[in-house]
Amino acid sequence: MKIDILSLFPEMFEGFLKTSIIKRAIDGEVVDVKVHDFREFADNKHKKVDDYPYGGGQGMVLMCQPIIDCLKTLVTPDSLVILMSPQGQTLKQQMSQKLSQYQHLIFICGHYEGFDERIRDYVDIELSIGDYVLTGGELASMVVCDSVIRLLEGAIREASHADDSFSDGLLEYPQYTRPYEYDGNVVPEVLMSGHHENIRKWRLKQSILKTYHKRPDLLEERQMSEEELEILHEIQKNN
Ligand code: ADE
């Protein structure tokens, strides 16, 4: 996959691209990430990228020209152009899975008050990472890139994300590692049993239990299997 990011603050991405799984994915050519400072595309003498809003009001608005000219050097028929904005649809795991299927993602990160509305004509989707306002789209684009890159083949072991929270509409079951006892708390006996079917059933029940208590909205959206419905009914009876 190829990822291009348009930002006025490329330095914000340095730590992100040089650390841990993302660095490994770049080094292993699983993904190629380039950050472009669209100020370099401003066609005015002072490299200005924003201007006062027509009609008056607070703050500055990002102009079309630098962003669109930068975008035109990158876009191909395989590209998906994503505008990061609090007005976009909220990122969910399903969207990350969908994005991970593309050959080329282009992210536009705004800063300051907002974009000239006409920039939206050049965009395929608008994404938000939640109902709060950040100082710019940079952190938000890193969140999206992180959740997409880890799904790419070769980024992490395939099995590592099969059980992720949300990957099948449920929260992940509880995990334990050594020591067996910590501060008087011991690991559930079933996990020590080596009995794979009992472990599978226990984990499924724990996933449903966690989702029931923490994110009941997810259960409403989900098509449950017969086995899962049985577990859910038992949980509902006992609560
Ligand atoms: N830019 C500013 N706030 C944002 C948010 N919540 N999501 C995506 N981009 C943003």
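Helix α5 (residues 138–149) lies across β1 (2–7), β2, β5, β6 (104–109) and β8, and runs at about 160° to β6; such angles, from 0 to 180 degrees, are taken between N-to-C directions of axes, which are lines fitted to C-alpha atoms, for helices over the stretch in contact, where contact means heavy atoms within 4.5 Å. Helices (H or I, at least four residues) and strands (E, at least two) are DSSP runs, numbered from the N terminus. The model is predicted: local features need pLDDT of at least 70 and side-chain atom pairs count only at pLDDT 80 or more, while totals for chains, interfaces and linings use all residues. Residues are numbered from 1 along each chain as its sequence is written, and side-chain values use heavy atoms, with hydrogens and water left out.

**The sheet**

- Five strands form an open sheet with parallel pairing, in the order β2-β1-β6-β5-β8, where two strands pair if DSSP finds at least two bridges between them.
- The edge strands, β2 (32–37) and β8 (125–128), each pair on one side only.
- Strand β5 (residues 79–90) runs parallel to β8 and is joined to it by five bridges; Gln 89 has Leu 127 in β8 as its bridge partner.

**Residue Gln 93**

- Gln 93, which lies in helix α4 (residues 93–99), is buried, with a relative accessible area of 16%; buried means under 20%, exposed over 50% and partly exposed in between, using a 1.4 Å probe and protein chains only.
- Leaving aside residues up to four places away in sequence, Gln 93 touches Leu 151, Asp 164, Phe 166 and Ser 167.
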